[in-house]
Amino acid sequence: CLLFACFGPEADPNPPDPEVALDAPEPKDTPRMVILISIDTLRADFLGCYDHPWVKTPFIDELAAEGTLFRRHVSVAPTTLNSHMSIMTGTYPHRHGVPRNGYVADPANRMLPELLRQGGWSTAAFIGGYPLVDKFGFNQGFGHFDDDLSESSSDLSLNTSQRTGAEVNLALFEWLDTSPGDRPIFIFVHYFDVHSPYVVPE
């Protein structure tokens, strides 16, 4: 499950027709913060905003109500690393070279955070599960990459090593408190709580 949130000037309630506005100048206002949230292995149909009859997800539902909710979306791959590499490169696994978890990404890939940093953005990632730690190359382009699983995992493994959403949030909020406020910010947040082995808080 992926969630996007952009924070900046309010959008025009009557945007121009994109077919008519192809030669229009670039808008002067750009978002000050873009947050990409990944909830690893969460099924969309188990969210309130996707009409689940009894699961309540009020904060996600509120974000969906205020933004754009996509009804048709398909992952290009069934495992964490290759699907997330596709998100960050805009390419299929046979192009970016990561067929499944455990492979190391080729640094020749052009990653979204890398392009944003070149454009003057501050970039940060907060990782909840082992398949995306820096040893596999997913950290490319991030100015700050927090994948510290040491508190939660004694024996690191691809499918079980994780930290809780609360720990991910703590790292994120600590970074936000010290991040420079003079540049736009791109943040990637990865949660692993609903992935097996299902260590669910009471």
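What share of the 202 residues in the protein is buried? Buried residues make up 41% of them, where buried means under 20% relative accessible area, exposed means over 50% and partly exposed lies in between, using a 1.4 Å probe and protein chains only. Please keep in mind that this is a predicted model, in which local features need pLDDT of at least 70, side-chain atom pairs count only at pLDDT 80 or more, and totals for chains, interfaces and linings use all residues. Residues are numbered from 1 along each chain as its sequence is written, and side-chain values use heavy atoms, with hydrogens and water left out.

**The overall layout**

The protein has five helices and five strands, taken as DSSP runs (helices: H or I, at least four residues; strands: E, at least two) and numbered from the N terminus. Along the sequence they follow the pattern β-β-α-α-α-α-β-β-α-β. Of the contacts with a separation of 6 or more, 61% are between residues 24 or more positions apart; contact here means heavy atoms within 4.5 Å. The accessible surface comes to about 12600 Å², and 56% of that belongs to carbon and sulfur atoms. These areas come from the Shrake-Rupley method with a 1.4 Å probe, and for residues only the protein chains shown count as cover.

**Strand E2 and the cores**

Let's start with strand E2 (residues 33–39), where six of the seven residues are buried. E2 runs parallel to E5, and seven bridges join the two; strands count as paired if DSSP finds at least two bridges between them. Leu 36 has Phe 188 in E5 as its bridge partner.

Phe 188 turns up again in the largest nonpolar core, which has 22 residues; Met 88, Phe 138, Phe 142, Phe 186 and Phe 188 have the most contacts inside it. E2, H2 and E5 are the elements that give two or more residues to this core, and H2 supplies the largest share, three residues. Apart from this core lies another, of 20 residues, among them Leu 42, Leu 47, Tyr 50 and Phe 126. A nonpolar core is a set of buried Ala, Val, Leu, Ile, Met, Phe, Trp, Tyr and Cys residues joined through side-chain atoms within 4.5 Å. In soluble globular proteins, nonpolar side chains tend to be buried together.

The contacts in the table leave aside neighbours within four places in sequence.

| Residue | Relative accessible area | Contacts |
|---|---|---|
| Thr 80 | 4% | Asp 40, Asn 101, Pro 131, Leu 132, His 190, Phe 192 |
| Ser 86 | 9% | Val 76, Thr 91, Tyr 92, Pro 93, His 96 |

**Helix H5**

How far apart are the end C-alpha atoms of helix H5 (residues 165–178)? They are 20 Å apart, which agrees with the 20 Å that its 14 residues should span at 1.5 Å a residue; the expected span is 1.5 Å times one less than the number of residues. The buried residues of H5 are Gly 165, Val 168, Ala 171, Leu 172 and Trp 175. Seen down the helix axis, they fall within an arc of 130°, so they line one face of H5; the arc is that of the directions from the helix axis to the C-beta atoms. These buried residues pack against strand E3 (122–126), strand E4 (144–146) and strand E5 (185–191). On the other side of H5, Ala 166, Leu 170, Asp 177 and Thr 178 are exposed.
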